[in-house]
Amino acid sequence: MSQQPFRTPSGGAIDRSKPLNFKFNGKPYTGYQGDTLASALLANGVKLVGRSFKYHRPRGIMTAGVEEPNALVQLRTGNRTEPNIRCTQAELFDGLEATSQNCWPSVDFDVNALNNLLSPLFPAGFYNKTFMWPASWWMRYEHRIRKIAGLGVAPTEPDPDRYAKRFAHCEVLVVGGGPAGLMAALSAGKSGARTILIDDNAILGGALRDSAETLNGESAVLWVAAVKQQLVQMENVRILTRTTAFGYYDDNLLLACERVGDHLHRLEPGQPRQRIWWIRANQVVLATGSIERPIVFGNNDLPGVMLSSAVRSYARQHGVRCGDKAVVMTNNDSAYHTIPALIESGGKVLAIVDSRTGPGKAALDVANQHEVEVISDAVVVNANGRKCLTSVAVNSYAKGELGHDEIGNQSRTIECDLLAVSGGWNPTVHLFSQSQGKLRYDDNLTCFVPHTSVRPQMMAGSVNGEFATRNCLTEGANAGRLAAEKAGFMPGEFVPLPTCDKIIESPIQACWVIPVANAKKSKPAAKQFIDFQNDVTSSDVALAHREGYQSVEHLKRYTTLGMGTDQGRTSNVNGLAMMAQLSGRSIPEVGATTFRPPFSAISMGAIASNETGENFMPLRRTPMHEWHVENGATMVNVGAWQRAQHYQRPGETMMEAIYREGKQVRAKVGIVDVSTLGTIALRGRDVAEFLNRVYINKWMKLPVGKARYGLMLREDGHVADDGTTTRISENEYYMTTTTASAGPVMSHLEFYAQTVWPELNVHITSITDQWGGMALAGPDSRKVLEKAVDEGDVGNDSIGFMGYKAAAIDGYPVRIFRITFSGELAYEIHVASDYALSVWEAFMRVGKAFDITPYGTEALSMLRIEKGHIVGGELDGRTTAADFGFGGMQKTDEDFIGKRALDRPGMVCDSRKILVGLISENGEEIKRGSQLIEKRPIEKPGDTPPVKMLGHVSSKYYSANLQQHIGLGLLEKGQQWMGKTIYAASPLTDTYVPVKVVHPVFIDPEGGRARG
C-alpha cells in the first residue's frame, strides 16, 4: 500500500484521521477525507494520468479545478461508470475506482502514441481534407477514428441512480463563494432579501482557501468559516455547495447542477445522485472568479508542467508537494505567492523565470526572503523529458516590433521535476456571456472583462478584473447591497469590510506564445500546445491563418480550439493572441467566441432527471379513463394522453372488436371519448376579427349558436391545424383543435394576440383540462340524445348541422355541438370535467335500448378514413389548404396568416401533391407510408432503374363497412390519376400493391347523413 511520499506531515483541509482506499488503473492507493482524486494521485507520486486526444502524448494533472484539460478519467465501474471526469473535481471516497482513458494497452505504453511521430500527417483540418474519398468509406473511417480519439466509454446498462430537479425563487442569487461572493451574500442577506449562494466546490472560500493573507488579523480560512456561520444562521439565505451554475437564460433563469452524492461510495435509499436547480432570481450577482492561464512554449504539455495556482492550491488545501525541485515561470506577480507554499510543502524552488524586466517590490521581497533566484527578461522555451518533466531550457526574452516575441541564442538548462506556470488570469465570464452580456478586452489586464449587461445582474471580484482581495471584498459588499435594493429591499445593516494586507503588484506583461529554440536545425521543433484537450498546437493556428481562417469562429471550428469539454478555459485567449499577432491585428479586432451552456459537462441522467421510461412525459387521462378500463378497453398512449384503443369482448380478436365498433356506428349508434381534443376559450369584442386573421376562411358573420370548420396556416403557408370554433355568445367563442396540436395552437394564438396584434381585445385561455367531451355518432344518435337531455328539443330545426345548444343531462349543464368526424349524424357533448363521467354513464344507460356501443381510436380512424377526413398523417407540415381541396375556403379579399406565402411558385405549381383516395385492387393490405409509383419496377438481374415517387400513402385501413382495403394519399397531379391504377410500393416490406385512385370520400360524398 502506498505511503503517499509527496504528502506533508500536516496542513491542508484534509482529515488525516480518515484514510480512504482507492484504485487507479487497478493499483491500490490511499488518500484522506477531503482529497480530490487529483490531489490523492499527486500525493502518491502519480504524474502520468492519461494520454492526449489526438497524438496520445503523456499527460498529467495541470490544474486544480473545473478548467482541467488533461486529467480526464473513467470513474467507477459497471453500470455506474462515467467517462471524461476531471480528476480535479472528483472528490475521493473509500472504494473509488478510476482508470485512464484513450490508451491501449496501458497508459504507460500506448500503441497509438505512434500518432505523435506521424503528427505532420495530422494537421488542423486533416479530417476534412483526407477522408473525402471514397464517400462510402466514411463509416469505416469514423469507426477507427473514434477508437483512437480521446473519448471515454459510455455505460451500456441502465443507470441505477436517481436524479432530481427542484425549482427555487429568490431576490438575489450569488454565483461564486469566494471573497466577493461571500460579501455579496452577506450584504444581501442582512437586507432581508431571499438570497441563494451557490459554489462549485465542497468548501466555500474560493482563492482564500489557499491564500496566506490574513483578514481581521486571522487566517483567511477562519474568516471564511465565520462568514459561513453568519449565513447559515440567516433564515432567508440558502447555501448550495458542490453546485455548478451551468446555464444562464432569459429573465434571470439560471440552471445549476448539485452533486448530491458524487462524493459518496453508496447513496442512501432515495437519495439522488445529482439534482438540477431551476432558479429564478430578481437580481444576479456573478462572483465567478477567474482562471489562471498558461504560457505556450515547447513541450508545455509534459506531466510536471502545472499552473502556478494549482501548485499553490494542492500545497495549501491538501498538503501535497507537487514536486521536489521546482521552477516558476511567470509574466505577473501572482506566481510569486506560490514560492512559500511550495517551500512549506517540502519542495525547493530553484528559480523564478520572469518575462518582465522586473517584478514588483512585494514579489521581489517574497523571492529574496526565500532566497530564490529571479531570472528577469527570460522565458522557458522548452520543457524536457519523456513521460514527465526532467528539465527546462531558459532563454533571454524581449518584445520585438509589433509585439512579436524574440528570444536569445543562449540557453540555460535547469534540472527540475515541476514547472509552475502563470501567464495571467482570465475572468470566468462564461455565465455573463451566456446572458448575452458583451465583453471588453483590457490591455492592462491582458484579458476579457464584462462590459455591457442586458440582464438585471452585477459582477463582483476577479470576474470583473479586480484581482486584489481588498477590491474583491469591497465590490462584493457593494453588489450585494445594490442587488437587494434593486429587488425592493431597504439596505440592511452595513457589513464591515475585514482588514487585509494591501499588496501593490507591478503590471502584467503580455506573454503568449514563445518561439521554440532548437540547437540542431535537423531536429523538428517541439510542439507548443495552445489547447491541451484537443491537441491544438501553435502550428495549427498558423496553418489556419495561412489558409484564410482568420475569423475567430472559423479558427475555432477549423482547429477545434476551445471546442472540448473545458470550453477553452486555458486556451482561448492564447489562441486569439496568436491569431492577432499573425494577422497584424489587435486581440479585440480578432474578437472572442460566445460561450454557450453548459458551463461544464452535465450528466445526461441529471438533465433527464426522473423523466425517463413511463415518466418521460406527464401521463394525461380523461375523466372517463376508469370507466374505459373497467369495461374492457385496451388503453394506448396517444401523445400525452391515454385513450381507449378498442373494447374487446370475450371470444373476439382485436380486429373483430374494431370492425364491430366501426360497423355499429354506421348502422346504429356509438359513443367515443373526445376529451383529448384541445379546447380553447376566446373572449373579447375583437375575437371575430382575430379569428378572421388566424383562419383562412371568413368569421365576421358567424351567428351566435353556430360552429364553423376552419384551417389555420403557418407563416410559410402550410397547414398548421384544423378544427371548429363555435360562437357561444356575442363575445365568447369555443375552439377545438386536434389532440396533438393543442399546445402548439395555443402558443400560436398567444403569440399573435400579444405581440403582433396587441391592439385587439382578445383573451385566450386553454381549458382542455377543465372540459370533458364525447361524440355520439350514428343514425340513432339523435334518438339517444333526445332520451338523455333533461328537457328541450334537439331536433334538426332546433340544432341543425354545425349548430350549438346549451342543455342539461341528469342535471349537469352541457354544451351540445352538431359536429361530425365520422360522417354520420353526430353530436359532440362537452361538459365540465367533474361531471363528464356522469354524463357518459347517462348516455350508456339510455342508449342501451338502441344497442349503443363505445368505440375506440382504431374504429375512429377507420371511420374518418372512410369519410376522407384529414388528421396528423396528412397534416405533416408540407401541405396547403388547396392540397386538400379547401382552396375555395381561402379569403381572396382579406389577409390571414400565411396568405402571402401562398403566392410562391412552389405553392401553386401544377405538380403539387393533392389528397386522393386509394382502393386496393387485389385485396392486399396497403402499407402506411408506401410510395406511390406509376409502374412496378421491372424485376430482372441488374435492372434497377430509378423509380419516380409520385406521392405517398398517408393513412390506410381495412374498411369493415366497404369490405376492402382503403387509404388516403398525397399524389402529384392527383386529378389526372382519378380512376387509374398505380402502385403503393413499400420497400421495407417488399410489397407492391396495385391501387385505384378515387375521390378521398368513400362513404356518403354528398354529406346527406351528417345533415339528416
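This is a predicted model: local features need pLDDT of at least 70, side-chain atom pairs count only at pLDDT 80 or more; totals for chains, interfaces and linings use all residues.
**View 1. Helix α18 against helix α23.** Two packed helices are described by the angle between their axes and the distance between the axes. Here α18 (residues 654-667) packs with α23 at an angle of about 50°, and their axes are 8 Å apart. At that angle α18 is oblique to α23. The crossing in which α18 passes α23 is right-handed. On the α18 side the contact is formed by I658, Y659, E661, G662, V665 and R666, which meet E858, A859, M862, L863, E866 and K867 in α23. Sorted by class, this contact of α18 with α23 contains six nonpolar residues, one polar residue and five charged residues.

**View 2. Helix α5 against helix α6.** Helix α5 spans residues 179-190 and helix α6 spans residues 220-232; they pack at an angle of about 30°, with axes 10 Å apart. Because angles under 35 degrees count as roughly parallel, α5 is roughly parallel to α6. The crossing in which α5 passes α6 is left-handed. From α5 the contact takes in L182, M183, A185, L186 and K190, and from α6 it takes in W223, V224, V227, Q230 and L231. By class, the residues of the contact of α5 with α6 are eight nonpolar, one polar and one charged.

View 3. Q434 is placed in helix α10, which covers residues 430-434. The relative accessibility of Q434 is 10%, so this residue counts as buried. Leaving aside residues up to four places away in sequence, Q434 touches F246, G247, Y248, F595, R596, P597, P598 and F599. Among these neighbours are P597 and P598, and the peptide bond from P597 to P598 is cis, with omega near 0°. P598 is placed in the loop between α15 (587-590) and α16 (604-608).

**View 4. The cis peptide bond at P105.** W104 and P105 are joined by a cis peptide bond, with omega about 5°. The loop that holds P105 lies between strand β7 (96-100) and helix α2 (114-117).

View 5. D377 is a residue other than glycine with a positive phi, near 50°. The loop that holds D377 lies between β20 (373-375) and β21 (378-384). With a relative accessible area of 30%, D377 is partly exposed. D810 also has a positive phi, near 55°, and is likewise a residue other than glycine. Its position is in the loop between β41 (804-809) and β42 (812-817). D810 has 40% relative accessibility and therefore counts as partly exposed.

Notes
Residues are numbered from 1 along each chain as its sequence is written. Side-chain values use heavy atoms; hydrogens and water are left out. Axes are lines fitted to C-alpha atoms, for helices over the stretch in contact, and angles run from 0 to 180 degrees between N-to-C directions. Helices (H or I, at least four residues) and strands (E, at least two) are DSSP runs, numbered from the N terminus. Angles under 35 degrees count as roughly parallel, over 145 as roughly antiparallel, 65 to 115 as roughly perpendicular and the rest as oblique. A crossing is left-handed if the near helix is turned anticlockwise from the far one by less than a right angle, and right-handed if clockwise. Contact means heavy atoms within 4.5 Å. Ala, Val, Leu, Ile, Met, Phe, Trp, Tyr, Cys and Pro count as nonpolar, Asp, Glu, Lys and Arg as charged, and the others, Gly among them, as polar. Buried means under 20% relative accessible area, exposed over 50%, partly exposed in between (1.4 Å probe, protein chains only).
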